[in-house]
Amino acid sequence: MDAAQQEATARARELQRNWYGEPLGALFRRLIEDLGLNQARLAGVLGLSAPMLSQLMSGQRAKIGNPAVVQRVQLLQDLAAQVADGSVSAAEATERMDEIKKSQGGSVLSNTTQTTSSSGAPTVKRVVREIQSLLRSVAAAGDIIDAADSLAPTHPELAEFLRVYGAGRTADAVAHYQAHQS
């Protein structure tokens, strides 16, 4: 890999960190490990070709172009967390992955079984990720920051919202969300 390719890959990974909270290679490797998948199965569940998944993981490609695929990534992250905390068995996880594979994305703020806690209410993290996904599906992080900078003098709260949810980390957005629920 020459210097230009290395620079392009580093830039793609930085964009992924801004858009998805971390480089997709790390995120996808964690999903593969946590859910007991291989790359081909992960690509199938997400609705990506194996070469596309590989390009996203290696940083040859920066962005997931299809919002439904982004939503499936988030559903798999939620599922992996449920497997890790023991609330979902391996067999149930396999069933859920088949459901996720069939999902067409639909409404970003849908209230399906995968988006809810045991009480039936959407989890805070899930709501935050859906807000992030929606913002990031309409604009890149840099554009969201530019918009926030434009709004800051007259609408500082909206600017903060755009920065936190449109370009920030999920943990920071969760803290912001919880601080504004009273």
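Predicted model: local features only at pLDDT ≥ 70, side-chain atom pairs only at ≥ 80, totals over all residues.
1. A nonpolar core is a set of buried Ala, Val, Leu, Ile, Met, Phe, Trp, Tyr and Cys residues joined through side-chain atoms within 4.5 Å; buried means under 20% relative accessible area, exposed over 50%, and partly exposed in between (1.4 Å probe, protein chains only). Helices are DSSP runs (H or I, at least four residues), numbered from the N terminus.

2. Beyond neighbours within four places in sequence, Ile-64 is in contact (heavy atoms within 4.5 Å) with Tyr-20, Leu-24, Phe-28, Leu-56, Val-69, Val-70 and Val-73.

3. In H9 (residues 156–167), Ala-159, Leu-162, Val-164, Tyr-165 and Gly-166 are buried. The buried residues of H9 pack against H7 (124–138), H8 (141–151) and H10 (170–179).

4. Asn-66 lies in the loop between H4 (50–58) and H5 (67–84) and is partly exposed, at a relative accessible area of 39%. A polar atom of the Asn-66 side chain is 2.8 Å from the backbone nitrogen of Ala-68.

5. Residues are numbered from 1 along each chain as its sequence is written, and side-chain values use heavy atoms, leaving out hydrogens and water. Local features need pLDDT of at least 70 and side-chain atom pairs count only at pLDDT 80 or more, whereas totals for chains, interfaces and linings use all residues.

Terms used: Helix = DSSP H or I, 4+ residues; strand = E, 2+ residues; numbered from the N terminus. Polar contact = N/O pair within 3.5 Å; in protein donor to acceptor, adjacent residues only side chain to side chain. Expected span 1.5 Å × (residues − 1).
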